[in-house]
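Please consult the sequence and the structure alongside the text.

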Amino acid sequence: MSLLEKSPAPGRLLLDDTLPLTALIEASQNLQSHTEYIIRVQRGVSSDNSWQVIRRYSDFDVLNSSLMVCGISLPLPPKKLIGNMDREFIAERQRGLQTYLDSITQHPLISTSLFVKKFLDPNNYSANYTEIALQQVSMFFRSDPKWEVLEPLKDMGWRIRKKYFLIKNKEQAKEHFLLSWVDLGPDKFLSDKDLQSALKLLTNLSTPYLCPLLFSSTSESSALLIRPFSEKGSLRDQICKVKPRESHLKKYCNPKKSQGLELEQIKLYGRQILESLKLLHDGGVFFGHLHASNVIVDDGVCRLVDVENGVLGVPSVLRPAFTQLRKINTTESIDVFCFGHLLYEMTYGRPPDSVPLDQFPSTPHAAVVSVLQSILSTEACKSGMPTVPALIQTPLFSDVQLKHSEKLQIKVPSRLKEALKSAKGSLEKRLHEEQRLLHQHRRLTRAQSHYGSEEEKKRRKILARKKCRQSTYENEEDVSVRNNNNSGSGASSPPTCPSSPTPPSTTGTPVSCSILTVSLGKVK
């Protein structure tokens, strides 16, 4: 069913919002009473994908005010009213603004915010996604008037092109539901017909560890979805002890009360999540979006939400991390890698700062650390991820008693199964290509760094001196050899005149031929 086909389409999304942006201030210029900073912005590793933006200090100040909701002190240089056009001050401020740019583009949450994206890439992030979403939602409500919007949930999630609304069914006034609108992503490889079939399959699911969709509809460029709303929020909300309806930047950038779970909860939740992943993998349904915000807990049972993200083609929040690791090259290995991140967060109350990770904070749960090492360590990232069935058989999860006894399975029609297999292959192909380009870039960067190092410059200087001395020695030796050869050839040259004495000439002093030859040889 597609109720959105006649809606205004913002255009098929080809941009991957998870590709990191880097920013370098190339120059500054004074214009009357203010200074402008020329910033070179690059998306990903290709220098061809770069552009310039011009920003004043006041623009930085507005951006910083927008980011204050994060609760993090960012290193923005202070204001200065007098002497702010001084050359030395401008140079110092430029260095400070560069430090500020580095801090916001390297922060995993702040770098994905619309504030930063619009500041660095206004051409691609100028659309009003809230307005687009409201247009789509309004059309849906006109076609099905039993639904009513209670309130928009502004910036509840990290995804820029996804908007949330709290709604209710007029026939069930006491029960609340979550409506989400999302743009289709660059990894949407199913045809429109197959996408609708996949969403219908997910809507009809009835399994204990997957949160069901109640309604879904797609257009050429977006999807509209309705599911039950959890008043307790996600697993991350419970770990961070925050209010579910607040902005994700406020909730997760600097949580004050976050705390890891007890061992029994880690074991139970982890096993239930692994069972849900096994269910999806056995059915040929790819996911790739497992994290604590996509898990809800109700009466001790974990359920995955946003399972449809894989078929909608939206990029994973952890994509910048696993594209760095070439052994994570299948959708199954992506899910295991994401599970490692989630297990770390359940244990320590926060996600890991970076991966690979070989040193883990102290914990009384040795079995947990063993599983974390099998997924997040340098060796694991180089040699490959364990499988989901192998993780289920580890001592940490194998003895967990589950409430359900029947074998879980998803019955996927054969035609849709083939379409999912093909889309999965295309998704993995794009990942491989991105990993290849990243690997080439790292090799080139290492080579350039080595060539420009002080040690390498010193080595090249020493080598150049040796070559110079060797060349000088060889030139001197060559000259000496030629001189010796020339001397020898002059002494042994056969005479060109008779050997008998030459009678004296009456017209002048005669010159002997042999003497002339020797003399010429010495001149050479």
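Buried means under 20% relative accessible area, exposed over 50%, and partly exposed in between, with a 1.4 Å probe and protein chains only. The model is predicted, so local features need pLDDT of at least 70 and side-chain atom pairs count only at pLDDT 80 or more, while totals for chains, interfaces and linings use all residues. Residues are numbered from 1 along each chain as its sequence is written, and side-chain values use heavy atoms, with hydrogens and water left out.

Q: Is Phe-141 buried or exposed?
A: Phe-141 forms a tilted aromatic pair with Phe-140, at 5.4 Å centre to centre and 45° between the planes. Rings of Phe, Tyr and Trp (its six-membered ring) pair if their centres lie within 6.5 Å; planes under 30 degrees apart count as stacked, over 60 as edge-to-face and the rest as tilted. Because the relative accessibility of Phe-141 is 15%, this residue counts as buried.

Q: How many aromatic pairs does a search of the whole structure find?
A: Among the pairs is that of Phe-140 and Phe-141. The search of the whole structure gives a total of nine.

Q: Which geometry describes the pair of Phe-60 and Phe-119?
A: Phe-60 belongs to helix α1 (residues 57-66) and Phe-119 to helix α3 (residues 114-120), 59 residues apart. Helices (H or I, at least four residues) and strands (E, at least two) are DSSP runs, numbered from the N terminus. Both Phe-60 and Phe-119 are buried. Since the ring centres are 5.1 Å apart and the planes stand at 70°, the pair is edge-to-face.

Q: How far apart are N and O in the salt bridge of Asp-16 and Arg-319?
A: A salt bridge is a side-chain nitrogen of Lys or Arg within 4 Å of a carboxyl oxygen of Asp or Glu. Here the side chains of Asp-16 and Arg-319 meet at an N to O distance of 3.3 Å.

Q: Which residues join Asp-16 and Arg-319 in a network of salt bridges?
A: Asp-16 and Arg-319 are both buried. The network of salt bridges that links them also includes Asp-187, Arg-430 and Glu-434.

Q: Where is Asp-306, the salt-bridge partner of Arg-227?
A: The side chains of Arg-227 and Asp-306 meet at 3.1 Å, N to O. Arg-227 is buried, with a relative accessible area of 4%, and Asp-306 is buried at 8%. The two are 79 residues apart, Arg-227 being in strand β8 (residues 222-228) and Asp-306 in the loop between β10 (301-304) and α9 (309-312).

Q: Is Glu-332 buried or partly exposed?
A: Glu-332 forms a salt bridge with Lys-424, the closest N and O atoms being 3.6 Å apart. Lys-424 lies in helix α15 (residues 414-451) and Glu-332 in helix α11 (residues 331-348), so the pair ties together parts that are 92 residues apart in sequence. At 19% relative accessibility Lys-424 counts as buried, whereas Glu-332, at 30%, counts as partly exposed.

Q: How many salt bridges does a search of the whole structure find?
A: The salt bridges include that of Lys-424 with Glu-332. The search of the whole structure finds 26.
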